[in-house]
Amino acid sequence: QVQLVESGGGLVQGGGSLRLSCASSGRTVSTYVMNWFRQPPGKEREFVARIRWSIGWPYYADSVKGRFTISRDNAKNTVYLQMNSLKPEDTAVYYCAAARSFSTVVAGMDYWGKGTLVNVSS
């Protein structure tokens, strides 16, 4: 079993920054690929970014490339999402997810956190 807990969401003005955290636990969590997804109001959940614990290899959705940075702290079993130059369209519930393989779809994830709300005002 893998447990994921997100934190760091909140209200921010457009152009501002936030850093989300995903604290993970579980005996084999280091073997998973860690992902961030988001679900805007009234829309489907979508892939944002992913990273591997061991080698990194960050990968981003086109919509956030150049503005968001995913990173990990292996000692703390925590994955981060640094979000800069935020836009109102980034407003969403952000979810951390763990997958046994590379995937950018919801069905490809094995474990989910409960999410944290990011609200970007114009």
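Does Tyr-59 count as buried, partly exposed or exposed, and at what relative accessibility? In this predicted model, Tyr-59 has a relative accessibility of 39% and therefore counts as partly exposed, since buried means under 20% and exposed means over 50%.

The model holds six aromatic pairs. In one of them, Phe-47 and Tyr-59 sit 5.9 Å apart, centre to centre, with 35 degrees between their planes, which makes the pair tilted. Phe-47 belongs to strand S5 (residues 46-52) and Tyr-59 to strand S6 (residues 56-60), so their contact ties together parts that are 12 residues apart in sequence. Phe-47 has a relative accessibility of 10% and so counts as buried.

A second pair to look at is Tyr-95 with Trp-112. Their ring centres are 6.2 Å apart and their planes are at 90 degrees, an edge-to-face arrangement. Tyr-95 lies in strand S9 (residues 92-99) and Trp-112 in strand S10 (residues 111-112), so this pair ties together parts that are 17 residues apart in sequence. Tyr-95, at 12% relative accessibility, counts as buried, whereas Trp-112, at 28%, counts as partly exposed.

These two pairs can now be placed in a wider group.

The charged end of Arg-45 sits over the ring of Tyr-95, 3.6 Å from the ring centre. Arg-45 also lies over the face of Trp-112, at 4.7 Å from the centre of that ring.

Methods
Residues numbered from 1 in each chain as written. Predicted model: local features only at pLDDT ≥ 70, side-chain atom pairs only at ≥ 80, totals over all residues. Heavy atoms only, no water. Phe/Tyr/Trp six-rings, centres within 6.5 Å; stacked < 30°, edge-to-face > 60°. Helix = DSSP H or I, 4+ residues; strand = E, 2+ residues; numbered from the N terminus. Buried < 20%, exposed > 50% of the residue type's maximum accessible area, 1.4 Å probe, protein only. Lys NZ or Arg CZ within 6 Å of the ring centre and 35° of its normal.
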